[in-house]
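Hi,

Here is the structure I said I would pass on. Have a look at it first, and my notes follow below.

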Amino acid sequence: MTITSFHPTPRTLMGPGPSDVSPRVLEALSRPTIGHLDPEFVKMMDEVKSLLKYAFKTENELTIAVSAPGSAGMETCFVNLVEPGEKVIVCVNGVFGGRMVENVERLGATAVVVEDTWGEPVSIDKVNQAFEQHPDAKFLAFVHAETSTGALSDAKTLCQLAQANDALTIVDAVTSLGGVELRVDEWGIDAIYSGSQKCLSCVPGISPVSFGPRAVEKLKQRNGKVPSWFLDQTLVMSYWSGEGKRSYHHTAPVNSLYALHESLVMLQQEGLENAWARHQAQHEALKEGLTELGIEFIVDEAHRLPQLNTVVIPEGVDDAAVRSTLLNEFNLEIGAGLGALAGKAWRIGLMGYAARRENVALCLAALKSALK
Ligand SMILES: *Cc1c(COP(=O)(O)O)cnc(C)c1O
């Protein structure tokens, strides 16, 4: 057998990620690869930093893109900040909160788990109680936008609670960045990570992270070395901090960073607040159409993510058959339910470049046809 070039069928990606990548981003990927210490590349990396600060609404100096997917961004935050024996209050209301617990335990720290039902936001009352019972907790970790359920948590109030209890916050914004309101400095978020492939319309594999002044101080005061060499921010900092000092740490994914740069330029051209509003408007349009089809949402309207719509699979409908019809006949991907929601729900993503009127129309028409 002769293996030839791989040419995937173009799909419309309306699942939990990766989401549709903008043609502008794909074009940026194919630009000539240059050296990762080339002055032109260094200048572009500085621009990526500025653009990320814009997207996160932060002035944090330590705002960079980790050369690995969102899961590595998660690990970057935990591995740099949390030390053995420390207590971390971790909110679990879906798959990704569960992974935060894994991160904490693998570092030899203690996770105080605050659990909420899948589909519900993190309970402020329960977090309050956890702080009362564990006044020695050093961190509060939570997922802003739970992609496994479609629930949005109140990051602003959770951060206020953490500050009142002298704890640092570690926030998962993989699905929220660029899709819903997020204000790192105003809300006092200490450490945050995201992903390139959700609401930023970029290819997978890069994780924007940002560390605030309190987090940087905690990192500097560590007792021992950061247990991961690759993710150690004290080493990466000098790689990202330009001004002629840049030295080799690892080879940056050069073309993927062109892609991230392009996607962030697009975000800035649209305007962050306009991007939030676009996700909301497309969500409203989708909701209207789904309601006409008799399809119901899992998450309460007040906590619903516009960019990730978790809906109940109607009675008697074959989950896998509908999804394969959508894929094979309409080249449309929607997401299956995860964990507790497997077989019970679909996850329809409207993330980044996928949050467009034509996608909503295609999804509704395809679902209508497949359900017949
Ligand atoms: C997708 C996602 C991740 C993991 O990102 P990867 O790029 O797949 O590693 C983490 N947290 C949330 C909330 C996500 O949606």
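Let's start with Phe 78: leaving out residues up to four places away in sequence, Phe 78 touches Met 100, Asn 103, Val 104, Leu 107, Ala 141 and Ile 170, where contact means heavy atoms within 4.5 Å.

Before I go on, the ground rules. This is a predicted model, with local features needing pLDDT of at least 70 and side-chain atom pairs counting only at pLDDT 80 or more, while totals for chains, interfaces and linings use all residues. Numbering runs from 1 along each chain as its sequence is written, and side-chain values use heavy atoms, with hydrogens and water left out.

Now the cores. A nonpolar core here is a set of buried Ala, Val, Leu, Ile, Met, Phe, Trp, Tyr and Cys residues joined through side-chain atoms within 4.5 Å; buried is under 20% relative accessible area, exposed is over 50%, and partly exposed is in between (1.4 Å probe, protein chains only). The largest one has 92 residues, and Phe 78 is among those with the most contacts inside it, as are Val 127 and Leu 260. Domain 1 (12-18 + 272-371) and domain 2 (23-268) both contribute residues, so this core lies between them; the bounds come from an automatic or database domain assignment. Another core, of 22 residues, lies apart from it and includes Ile 334 and Cys 363.

On to the charges. I count a salt bridge when a side-chain nitrogen of Lys or Arg is within 4 Å of a carboxyl oxygen of Asp or Glu, and the whole structure has 22 of them.

- Asp 20 pairs with Arg 356, with the closest N and O atoms 3.7 Å apart. Asp 20 sits in the loop between strand 1 (12-14) and helix 1 (23-29), and Arg 356 in the loop between strand 13 (345-349) and helix 13 (357-371), so the pair ties together parts 336 residues apart in sequence. Helices (H or I, at least four residues) and strands (E, at least two) are DSSP runs, numbered from the N terminus. Asp 20 is buried, at 8% relative accessible area.
- Arg 31 pairs with Glu 262, the closest N and O atoms being 3.5 Å apart. Arg 31 is partly exposed at 32%, whereas Glu 262 counts as buried at 11%. Both belong to a network of salt bridges that also links Arg 24 and Glu 27.

Cheers
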